[in-house]
Amino acid sequence: MADADLDGIIRQLAKQQNKTLTGAVKARRNHYLGLAAKAKDVSGKARAKALAQAAMEQGLAAAKRLQVAADNAADSYARAMRKAVEIAAGEEAAAAAKTATKTAAKTTAKPETKGAAKKPSGAAAKATSKAKPAPKSAAKPKARKT
């Protein structure tokens, strides 16, 4: 069961729950029909039969909603997993293409010459390294009168 997809497990569990719920609904209906059989007056029998019918309708509707919700959850999970697989495959292909372009660029690139990356020398180097500090403000704060 560890290798099974979760959408199948969701559907299987929903099917089991649906059977259990349907069995409980039928038991409740049978209970009301039993009360109808024991009833002494006509109105009591009619009331119990109406309750039995309503219990059956409401119970089956609940079971149907449960089944639909489980099917939707299983479909959503399966769709999300397919999308995740596609995204992972796309990222893997993109990474492979990126490494392929890097290796191709390394093999076709020319090596740099030694003189191309030298630091500037002479007056240009001195001019860039000796920047003047910012001038200090000549104005002094005025003394406060107390």
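Arg-11 is partly exposed, with a relative accessible area of 30% (buried is under 20%, exposed over 50%, partly exposed in between; 1.4 Å probe, protein chains only). The model is a predicted one, in which local features need pLDDT of at least 70, side-chain atom pairs count only at pLDDT 80 or more, and totals for chains, interfaces and linings use all residues. Residues are numbered from 1 along each chain as its sequence is written, and side-chain values use heavy atoms, without hydrogens and water.

**Overall build**

- The protein chain holds 3 helices and 0 strands (DSSP runs numbered from the N terminus: helices are H or I, at least four residues; strands are E, at least two).
- Read from the N terminus, the order of elements is α-α-α.
- The protein chain has 146 residues, and 13% of them count as buried.
- Take the contacts in the protein chain with a separation of 6 or more: residues 24 or more positions apart account for 67% of them (contact means heavy atoms within 4.5 Å).

**Helix H1**

- Helix H1 covers residues 6-38, which makes 33 residues.
- From first C-alpha to last, H1 reaches 48 Å.
- That is close to the 48 Å expected at 1.5 Å a residue (1.5 Å times one less than the number of residues).
- Buried positions in H1 are Asp-7, Ile-9, Ala-14, Asn-18, Thr-22, Val-25, Tyr-32 and Ala-36.

**Salt bridges around Arg-11**

- The model has 2 salt bridges (a side-chain nitrogen of Lys or Arg within 4 Å of a carboxyl oxygen of Asp or Glu).
- Arg-11 pairs with Asp-71, at 3.4 Å from N to O.
- This pair links distant parts of the chain: Arg-11 is in helix H1, while Asp-71 is in helix H2 (residues 42-108), 60 residues apart.
- Asp-71 is partly exposed, at a relative accessible area of 25%.
- Asp-75 also forms a salt bridge with Arg-11, and their closest N and O atoms are 2.3 Å apart.
- Asp-75 lies in helix H2 and Arg-11 in helix H1, so this pair ties together parts that are 64 residues apart in sequence.
- Asp-75 is partly exposed too, at 33% relative accessibility.
- Through shared partners, the salt bridges join Arg-11, Asp-71 and Asp-75 into one network.

- Thr-22 sits in helix H1 and is one of its buried residues.
- A polar atom of the Thr-22 side chain lies 2.7 Å from the backbone oxygen of Asn-18.
- Setting aside neighbours within four places in sequence, Thr-22 contacts Leu-60 and Ala-63.
- Gln-58 belongs to helix H2.
- Gln-58 is exposed, with a relative accessible area of 54%.
- The C-alpha atoms of Gln-58 and Val-25 are 8.6 Å apart, although the two residues are separated by 33 residues along the chain.
- Val-25 itself is buried in H1.

**Confidence**

- The mean pLDDT of the protein chain is 81 (the predictor's confidence in each residue, from 0 to 100).
- Of its residues, 70% reach 70 or more.
- Confidence is highest in H1, at a mean of 94.
- Confidence is lowest in helix H3 (residues 123-129), at a mean of 56.
- Where pLDDT is low, predicted coordinates should not be read in detail.

How values were computed: A polar contact is a pair of N or O atoms within 3.5 Å; within protein, one must be able to donate a hydrogen and the other to accept it, and residues adjacent in sequence count only if both atoms are side-chain atoms.
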